[in-house]
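Reader: I have a model open and would like to go through it with you. Could we begin once it is on the screen?

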Amino acid sequence: MFVVGVTGGIGSGKTTVTNLFQQHGIMIVDADVIARHIMDKGGEALRAVVQRYGDKALLDDGNLNRAWLRERIFKHPEDKQWLNDLTHPLIRDQILSQLQQAKSDYVILSAPLLIENRLTKLCDRVLVVDVSEATQLERTQQRDNVSEDQVQAIINAQASREQRLQAADNIIHNEGDEAELTSQVETLHELYLRLALVKQS
Ligand code: ATP
């Protein structure tokens with residue numbers, strides 16, 4: 001399967017872009033969705049969390065208390081490492097399985113931390129959605145109704161714009177309007193169809 005990794009900083013427009021690829025019939029594997037499901041009730045990851053922390057890691061309904069775990073990790077960096085070691089292999093396996101099952105001409109792996117978590121190794125091409133930091137701040141604040149400081153903290157924790165651009169095979173410039181975005185996606189879709197055919201042959 002020909003895999004296109006899509007990444008970009010917070011609020012850069014990854015979801016907007018992958019929705020446009022989806023309209024061309026391309027399947028999207030979303031690392032964020034998988035990361036959330038990994039902690040579902042009854043799963044091995046949640047069992048390991050309860051083994052380590054006890055029931056205080058759970059809500060009354062038996063689901064993970066995500067706010068509690070976030071706080072714990074924030075205060076104890078060694079716990080963050082432990083959690084990453086637990087979840088990353090599970091997330092990776094699930095990503096691989098979904099990529100293998102995808103039934104479109106090529107498949108997109110969408111991951112905000114594609115570069116940081118070295119998921120680029122799973123990709124034939126890396127597509128970066130690029131905007132200025134000012135645009136990231138403006139669009140994320142508008143979308144999520146959060147403060148500038150909160151968005152800035154997330155930007156600072158992610159790979160830098162330069163690091164992302166260095167890893168890019170293709171770049172979508174998302175400062176313009178929807179029509180500009182649609183036309184960039186169309187051009188790339190044609191390219192990826194051709195590259196997928198070459199890989200198949
Ligand atoms: P996150 O990493 O936070 O999940 P994202 O990269 O998936 O974000 P989107 O949710 O697609 O980003 O876009 C961020 C916001 O910017 C959304 O409200 C979206 O509607 C808006 N947006 C995206 N592209 C454009 C554009 N070209 N012009 C105006 N607004 C846009």
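Predicted model: local features only at pLDDT ≥ 70, side-chain atom pairs only at ≥ 80, totals over all residues.

Reader: How many residues surround the ligand, and which are the closest?

Author: The ligand is surrounded by 16 residues, and the closest are Lys14, Thr15, Thr16, Arg139 and Arg143. A residue is near a molecule if its C-beta atom, placed from the backbone, lies within 6 Å of it.

Reader: Which elements give two or more residues to that shell?

Author: They are α1 (14–23), α6 (133–144) and α9 (178–200). Helices are DSSP runs (H or I, at least four residues), numbered from the N terminus.

Reader: And the shell by class?

Author: It has 3 nonpolar, 8 polar and 5 charged residues. Here Ala, Val, Leu, Ile, Met, Phe, Trp, Tyr, Cys and Pro count as nonpolar, Asp, Glu, Lys and Arg as charged, and the others, Gly among them, as polar.

Reader: At what angle do α1 and α9 pack?

Author: The angle is about 55°, and their axes are 10 Å apart. Axes are lines fitted to C-alpha atoms, for helices over the stretch in contact, and angles run from 0 to 180 degrees between N-to-C directions. α1 and α9 are therefore oblique to each other; angles under 35 degrees count as roughly parallel, over 145 as roughly antiparallel, 65 to 115 as roughly perpendicular and the rest as oblique.

Reader: Which residues make the contact?

Author: α1 contributes Thr16, Val17, Leu20 and Phe21, while α9 contributes Leu181, Thr182, Val185 and His189. Contact requires C-beta atoms, placed from the backbone, within 7 Å. These residues divide into 5 nonpolar, 3 polar and no charged.

Reader: What about α6 and α7?

Author: The axes of α6 and α7 (residues 148–157) come within 10 Å and cross at roughly 130°. That makes α6 oblique to α7. Glu133, Gln136, Leu137, Thr140 and Gln141 of α6 meet Glu148, Val151, Gln152 and Ile155 of α7.

Reader: Changing topic, what are the domains?

Author: Domain 1 is 1–26 + 105–201 and domain 2 is 32–103, with bounds from an automatic or database domain assignment. Their centres, taken over C-alpha atoms, are 25 Å apart.

Reader: How many residues are in contact there?

Author: 7 residues of domain 1 are in contact with 6 residues of domain 2. On the domain 1 side, they divide into 6 nonpolar, 1 polar and no charged.

Key
Residues numbered from 1 in each chain as written. Contact = placed C-beta atoms within 7 Å.
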